[in-house]
Amino acid sequence: MPKKVLKDFEIEYLQVLDENGNCDEKLMPKLSNEEIKKIYEMIILIRVFDQKAFNMQRQGRLGTYIQFKGQEASQVGSAMALKDDDFVFPMYRSSGLLIARKHPIVQVLQYWNGDERGLKSPDNVNNFPISIPVGTHMIHSAGAAWAAKLRGTKQISISYFGDGATSKGDFHEAMNFAGVFNVPAVFLCENNQFAISVHRKDQTKSETIAQKAIAYGFEGIQVDGMDVFAVYKATKDAVDKARAGKGPTLIECVTYRMADHSTSDDASRYRTKEEVQAWQKKDPVERLEKYMRKKNLLDDAYKEKILKQSKETIEKAVTQFEKLEAPDPKDMFNYVFAEMTPQQKEEMEELLGK
Ligand SMILES: Cc1ncc(C[n+]2csc(CCOP(=O)(O)OP(=O)(O)O)c2C)c(N)n1
């Protein structure tokens, strides 16, 4: 029987910086020393934030929190390749991304304390609200990309989601739509190996997530998601391509969720210490520091200074956050629909003790 040979049935794997901080100069994206330092400083800032937010949740000072430790390079590397007016559709694990996208830290804390005002995007950037429902925002992102195309604005739209989200119909609908209408969309999957306790290998029979793009007629690329230069390069290439009218890209960042799924999870029940330790060796911060030391961009004094500065920035935001007035609980009901449903009215009255 004749066989159909598919073109482009190859999945590129991109790594620029290895675990020992050695860089493949041929693949290294164009970044000035100042830009590399800016990337490093943002990575440290969000790592400090992540730990602080987790600690605050444990101390009862924050309602809930979702850690992104291990995924800093995926979030900062991709954010640095975007323009402020590009559309960004984050997921619940995207706090670091939002901070890298100029979202005030105070507001990120506000959001995790149950105050929806925390998700109001600053006027000068187009950050959409965090999607707690898994994957639903990918469709919105494809739609925003279509709007940008129809308006001819040269904006691109990017959505962030996990490996688990690729099992949702929304992922396939968004990818199909984006392919058919050739919209300027980038789909960025942070494949952190888990959907709560479900391991990546139980999520899909496909060898890679990236290859799923082939079925929708566009390019998929797999990158080392703990290598900030690889993530930056892949995102920049995808974004430039989308802006030039050449359609969508799926980027799979292969990374690891170092922490529990959420503050209500205990990952030690479904994965071994050895597995976590093996991934720790790939840590995005350590390998960037090793690289920067070799290039004389980092020494102990600079490292200490950045850590201290980051802690101060976060502490300042925490102080500001803790002085904020709590939101009115009625807001929960008031702004869902133009008018409250009878059930909402009943729930509100119950909450207010009427
Ligand atoms: C539509 C929907 N279904 C189920 C859930 C419950 N849920 C929360 S997180 C999660 C796992 C998602 O895993 P993945 O997409 O890999 O992202 P990760 O949390 O690993 O970053 C599930 C099933 C949800 N939030 N939304």
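A quick note on the numbers: residues are counted from 1 along each chain as its sequence is written. The model is a predicted one, so local features need pLDDT of at least 70 and side-chain atom pairs count only at pLDDT 80 or more, while totals for chains, interfaces and linings use all residues.

On to the ligand. It is surrounded by 15 residues, the closest being Val134, Gly162, Gly164, Ala165 and Ala195; a residue counts as near if its C-beta atom, placed from the backbone, lies within 6 Å of the molecule. Strands β4 (157–162) and β6 (194–195) each put at least two residues into this shell. Strands here are DSSP E runs of at least two residues, and helices are H or I runs of at least four, numbered from the N terminus. Sorted by class, the shell holds 8 nonpolar, 4 polar and 3 charged residues. In this scheme Ala, Val, Leu, Ile, Met, Phe, Trp, Tyr, Cys and Pro are nonpolar, Asp, Glu, Lys and Arg are charged, and the others, Gly among them, are polar.

Next come the helix pairs. Two packed helices are described by the angle between their axes and the distance between the axes. Axes are lines fitted to C-alpha atoms, for helices over the stretch in contact, with angles running from 0 to 180 degrees between N-to-C directions. Helix α5 (residues 137–151) packs on helix α6 (residues 169–180) at about 15°, with the axes 8 Å apart. That makes α5 roughly parallel to α6, as angles under 35 degrees count as roughly parallel, over 145 as roughly antiparallel, 65 to 115 as roughly perpendicular and the rest as oblique. On the α5 side the contact is made by Met138, Ile139, Ser141, Ala142 and Ala145, and on the α6 side by Asp170, Phe171, Glu173, Ala174, Phe177 and Ala178; two residues are in contact if their C-beta atoms, placed from the backbone, lie within 7 Å. These contact residues divide into 8 nonpolar, 1 polar and 2 charged.

Helix α4 (residues 105–112) and helix α11 (residues 300–323) come within 9 Å, their axes crossing at roughly 55°. This makes α4 oblique to α11. Ile105, Val106, Leu109 and Gln110 of α4 meet Ile314, Ala317, Val318, Gln320 and Phe321 of α11, a set with 7 nonpolar, 2 polar and no charged residues.

Finally, helix α1 (residues 33–58) and helix α2 (residues 72–79) pack at about 135°, axes 10 Å apart, and are therefore oblique to each other. Here Ile39, Met42, Ile43, Ile46 and Arg47 of α1 contact Glu72, Ala73 and Val76 of α2.
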